Amino acid sequence: MNQDQRREDELERQLLAHFRAHGEGEPSAELDARILAAAREAVRPPAPSLGQRLHAWLFGPGGRQRWSVAFAGLACLGVGVSLTFQNLDRQPPEYAVAPAPAMAPAAPAPLARSAPDPDAGYSAEPAAPPMQAFSAPAPAAEMKKAASQFESAPVAALADSATADARIAEQARLAADEAFPPAAKLAKPVAAPLEPALQQGLREVLELRRQGQAKAADERLEALRKAYPRQDLDALLKALEPSPAP
Amino acid sequence: MSDTITDDDAALLRRYRRGDAEAFGVLYARHRLGLYRFLCGLCGDSSLAEEIFQETWLSLVRSASEQREAVAFRTWLYQIARNRLIDHWRKHGRLQGKVEAFDEQAHADLLPSEEADGPEAQLSLSRDRQRLQAALDELPGEQREVFLLRAHGDLELHEIAEMTRTPAETVKSRLRYALQKLRRLLADPAAEEISA
């Protein structure tokens, strides 16, 4: 029985060996390459993260030079940040100067600060003294002059808007004065922010009217309207007229 | 490199899973020929065998799971290939009509007795490859599968039984009948004349 089993095992071994040795077929080289390429592709490490790349960059070959570059970059960044903060500290007063005068006639606060009497602010200064100083022709070189002319254009626009605001404020004040006419206020000249030429022209109109020369007064007033189209001359005339005696 | 060559299959697979593509190359070189011939012998179609062969390896490549420790890599690999081939047959039909019912006892009665064949006759098998394939094709499907798993997969009987979910005794008898029939079919006519 054992002998038969051994013989059978030997025959099986021989037959299996025969088939293994003389078996047919082999996968093609293309198939091998395809499978091996897919296997390599599957285990390809993922792209390193930013931190890994930075670590490799700093600690890889040539790291000493890269460290110096990194420190230089950090130093530049620090200098830039500190300069930025210093400039930020300086900027507010410089920027606060420019818009403030343009808004000054409409804003009562600066006027109240400059003079306790609200009306004194109107008669104290012209509309935009800092702007005028800024736009005034400097005695320096031509470049400064050109620069100031360039800057004066937006300032003029701002001054116009300031004048309009002043006019509105003035009309409001006049309306209030009509309702509650304080004698002292009415006695004061209210055309303080006006240009001297305009003020003079209005006074001439009033004088002509007082002399009964209505036509001449109207012509003069019309000329003033053309010269100062934005001004409400009627209101200004009304403000300049002396109040009737009570 | 020598470590790579001497590593067992499970160690190579672990190394491959950790990113060592070279380990996969060794593993592939070890099993490519046996797996391919197993598939060729089982389906009898080289193009289909190539297709299943590629699917099997790519499935292994794409599978992120580690091989179970209880199952040898070889068994695992041949199990994948066998399942793929059976899936293909289910989808497209089995072209080769070799699945006829087989009465193993009746077939055994028809086989020549082993005592009649001497060792010389057993060794004088035909080396004609066409004859080898033809003899394989003559085997019933279950016997052919068991024989091929044993011959090209080098699997033990209990591994084949586990893979095919067949009792071990059935596997053993299928292999015995397959061997007997193959010996008879491949016996050299000259040897038969001598033994007669």
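Modeller: A residue is called buried if 20 or more other C-beta atoms, placed from the backbone, lie within 10 Å of its own, exposed if 12 or fewer do, and partly exposed in between. The model is predicted, and local features need pLDDT of at least 70, side-chain atom pairs count only at pLDDT 80 or more, and totals for chains, interfaces and linings use all residues. Residues are numbered from 1 along each chain as its sequence is written, while chains are lettered from A and ligands numbered from 1 in the order in which they are written.

Colleague: Which exposed residues does the face of H4(B) turned away from its buried side carry?

Modeller: Helices here are DSSP runs (H or I, at least four residues), numbered from the N terminus. In H4(B), the buried residues are B:Ala49, B:Ile52, B:Phe53, B:Thr56, B:Trp57 and B:Leu60. They line one face of the helix, because seen down its axis they fall within an arc (taken from the directions from the axis to the C-beta atoms) of 130°. The face turned away from that buried side carries the exposed residues B:Ser47 and B:Arg62.

Colleague: Against which helices do the buried residues of H8(B) pack?

Modeller: The buried residues of H8(B) are B:Leu132, B:Ala135 and B:Leu136. They cover an arc of only 100° around the axis, which puts them on the same side of H8(B). Their packing partners come from both chains, namely H3, H9 and H11 of chain B together with helix H1 (2-22) of chain A.

Colleague: How many residues does H3(B) supply to the side of chain B that touches chain A?

Modeller: The contact (C-beta atoms within 7 Å) takes 25 residues from chain A and 32 residues from chain B. Several helices of chain B each supply at least two residues of this side, including H4 (46-62) and H11 (168-186). The largest share comes from H3(B), with 9 residues.

Colleague: Which residue of chain B is in contact with A:Asp32?

Modeller: A:Asp32 lies in helix H2 (residues 29-42) of chain A. With 17 other C-beta atoms within 10 Å, A:Asp32 is partly exposed. Leaving aside its neighbours within four places in sequence, A:Asp32 is in contact with A:Pro27 and, in chain B, with B:Arg32.

Terms used
Two residues are in contact if their C-beta atoms, placed from the backbone, lie within 7 Å.
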